[in-house]
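Hi everyone, thanks for coming. Please take a moment to look at the model on the screen, and then I'll walk you through a few parts of it.

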Amino acid sequence: MLFKKSVVIASMLAQSTNQRCNAFQSTVGVYLHACRASESVVELLSRIGVSISRSAIDSSIISLSNESHISMERLGTTLRAGYAYDNFDQEDKHVVPTTEKPGGNLLHLTSGTILRLDHDVTLDDLRCSNALWEKSRVNPENRGETHAPASWTDLMSIYPDELDSSNLTRRNRFDRWKLIYDLVHHGPAYFHRFSTDLGEPEVVEQIPIVKSQQVPVEGMDINQSTVQGNADALEALFRQGGVGDVAETPGVTPLGDHVVLVHGDLATCERVQSLQESRSVENTPWRRLQHVVFVLGLFHLKMACADAIWKIFIKPKSAHEDPTSLMSYVGEIRPKETGKIGSKPGFRRMHEVIQHVGIASRLDCWRVGVAQACKIDSLERWAATEPSWDDIVSLATQLVRTFVDDTSISRLRSQARRDQQWENTLLREKYFLLYEELSYAMNAGDIGRVEACFMPWVFIFRGCGKHKYATQMIWFLHNVHRVYPPGLKRAIRMNILCNPTGKKHHFRAIDWWVEHNNLYIKRIYGGAFSNRTKRRILKQAALVEVYKNIRISFEEIFALDHRTYKHAAPRLERTLRKLCEYMKDANAHVIMPNRSSSHVIPDAMEAGVIKLMAISMGVDSPGDPDDAGDGDAEVNMVMDEGEEGVTVEVEEAGLPYNLSPEVLQRGQLAGLSAVDDPFEGALAVESKSRKIASKAAGWHKSQQTVEGFGEQRAQPTAVDVLH
């Protein structure tokens, strides 16, 4: 520290004798600007000789902004770059409505970033624009041709699964690992010693760990909520990246036959697709956006998964009454947030509810399993017997078979002495672990496991009414694995996740990085008070990385290690202990015959399979009037996203249909025209039994030719798919 003080004093003396010897003072000035220091503080430090003046700081910011534009063009003109953008709304509290500008004080802006394509992606991998256009569905020359829809049954075979020696699938093996992980990290202290034996789940396909690089672009005064707004945003992005059509913009780098990866959320995806379809009659590839290949953002997909769980287990008011309901557990650990979680929790709250309730629930599974296998009534007493690692693995395998196996819920619901609350609990365990698997795979960079989670979530989305996400996920998998050439396929899969820190288990979705930039623009670097203007926000957007690097450097040099925006991990010991005691008293994981429930949770996964089977047979499911807002919510500090929608319910002979295997074999499926939402408890259905039964009677014998392949594939039944 004495050496650092000596350097500061020497810099002050040098600057006092020569005003151009101000490298240290310039860095301090930009650091103060990034920290939103007041003008009086800046002027005081300037007079002391530690910083440059306020006007000099403004000149430095202009110079940095010009350099950032050079960096954008340097990366964009390599043609080995991806683009990501998203809207963000900012309230300008100081604006005064006038006759010229009578509008409100809510600004609709767009931010974006340019990302380097890593993992040895070459220009040859991206040189396929014309080849894709020749077989594109929106190509006017292909309008008369019949295009077979993407086969969801074919996508199920992308990642074939094999049983291990314990007769567990790959998903079951992850569930076993998660059960042991929770015991080791949240159970009695004795089990902490097995953390080295725990290891990690098997890797399906790993993205190499490389620190990702981004160059944020200047903010755009564009409302991205319209199709034309997306056209303007793409044009502005490519212009800042230095690429385009030479005939329209001289001096830019032509794209030629290369494609450009564009990342965004679901709403952006739909608008870009609409834009490409409406411009398909244009004469030049540039005007019809032929080079744009859209990549679905996984962060918003994860948000949709959390919202689907909320919609299934919390949204129905009748689902709050059981002592084993998810809302009852929320009331135990978050008694002051039940109203918010029951109405519109947002992503962060719902994510934490899934995590914390899931941990306590799996610990209670351990307690019940130990009681049944070892005749010991608590995990603490079991720990006192010092079980071995093999004992833990063996019992975890049995727990997977008992609590989270893929046994069809319809079979349990067809029994005479049912335990309806037990059935709801099994369904929740299954969905929670599926969410945990997707979260783990995204953080670990296991793109193979991420894609393996797609189809189960497609079924859930279809079943609970999130039809747009289900459709886009099917098309994304189909295009990546069945349409795109191998080079482009690898480029997309290796760059759909980024690693901002270059550390293990620190992968993030591309759209998460954009939202992270938005957070810094809106809350930290966007100015304060009278200088928090639209012009400043747009200009500062391109300097997010510069400010972050300067702050990190200063904090490391002067040992400001107490300055952090990262929250400490919560202490969950008492919270989990309280919730586990409640679950024990409620017999949450103990079968109690004839125990009824105020709300039987529908199995959205099975309902989704039925819908997809019906659509494949030519019976269209009804439109979802609230589905138009899917993925179109502004993401703020809590990363909110919402979606409402009605879903399809299936009946047998006018009664609520539970998708039993016997009914599937008879092919007695009923109407698919829903008039209300089954997740609200209404099961009113317009029956079309005769029409569908005639098609479904031979469903398990039907075959389908997959587009692009010559072999014939037998169509599975819904139970086959879920197993």
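Let's begin with the open sheet, where five strands run in the order β3-β2-β1-β6-β7 with mixed pairing. Helices and strands here are DSSP runs numbered from the N terminus, with at least four residues of H or I for a helix and at least two of E for a strand. Two strands pair if DSSP finds at least two bridges between them. At the edges you'll find β3 (214-216) and β7 (292-296), each of which pairs on one side only. From one strand to the next, the twist averages 30°.

A word on where this comes from: this is a predicted model, in which local features need pLDDT of at least 70 and side-chain atom pairs count only at pLDDT 80 or more, while totals for chains, interfaces and linings use all residues. Residues are numbered from 1 along each chain as its sequence is written, and side-chain values use heavy atoms, leaving out hydrogens and water.

Back to the sheet. β3 and strand β2 (residues 106-116) are antiparallel partners over three bridges, and Thr 113 stands opposite Pro 216 in β3. Which strands does helix α4 touch as it packs on the sheet? Helix α4 (residues 54-76) touches β1 (81-91), β2 and β3, and its direction makes about 135° with that of β3. Contact means heavy atoms within 4.5 Å; axes are lines fitted to C-alpha atoms, for helices over the stretch in contact, and angles run from 0 to 180 degrees between N-to-C directions. Helix α10 (residues 227-241) packs on the sheet too, touching β1, β2, β6 (260-264) and β7, at about 125° to the direction of β1.

Now to helix α2. Its twelve residues, 23-34, should span 16 Å at 1.5 Å a residue, and the end C-alpha atoms are 17 Å apart, which agrees. That expected span is 1.5 Å times one less than the number of residues. Is α2 mostly covered or mostly open? Mostly covered: ten of the twelve residues are buried, among them Phe 24, Tyr 31 and His 33. Buried means under 20% relative accessible area, exposed means over 50%, and partly exposed is in between, with a 1.4 Å probe and protein chains only. The cover includes α1 (2-17), α3 (39-48), α4, α25 (534-540) and α26 (544-557).

After α2 comes Arg 36, in the loop between α2 and α3. Arg 36 counts as partly exposed because its relative accessibility is 40%. His 119, in the loop between β2 and α5 (123-126), also has a positive phi, about 65°. At 12% relative accessibility, His 119 counts as buried.

Finally, the aromatic rings. The whole structure holds 24 aromatic pairs. Take Phe 461 and Tyr 469: their ring centres are 5.9 Å apart and their planes at 50°, so the pair is tilted. Rings of Phe, Tyr and Trp (its six-membered ring) pair if their centres lie within 6.5 Å; planes under 30 degrees apart count as stacked, over 60 as edge-to-face and the rest as tilted. Both Phe 461 and Tyr 469 are buried. One aromatic cluster brings together Tyr 190, Phe 191, Phe 194, Trp 366, Trp 382 and Trp 389.
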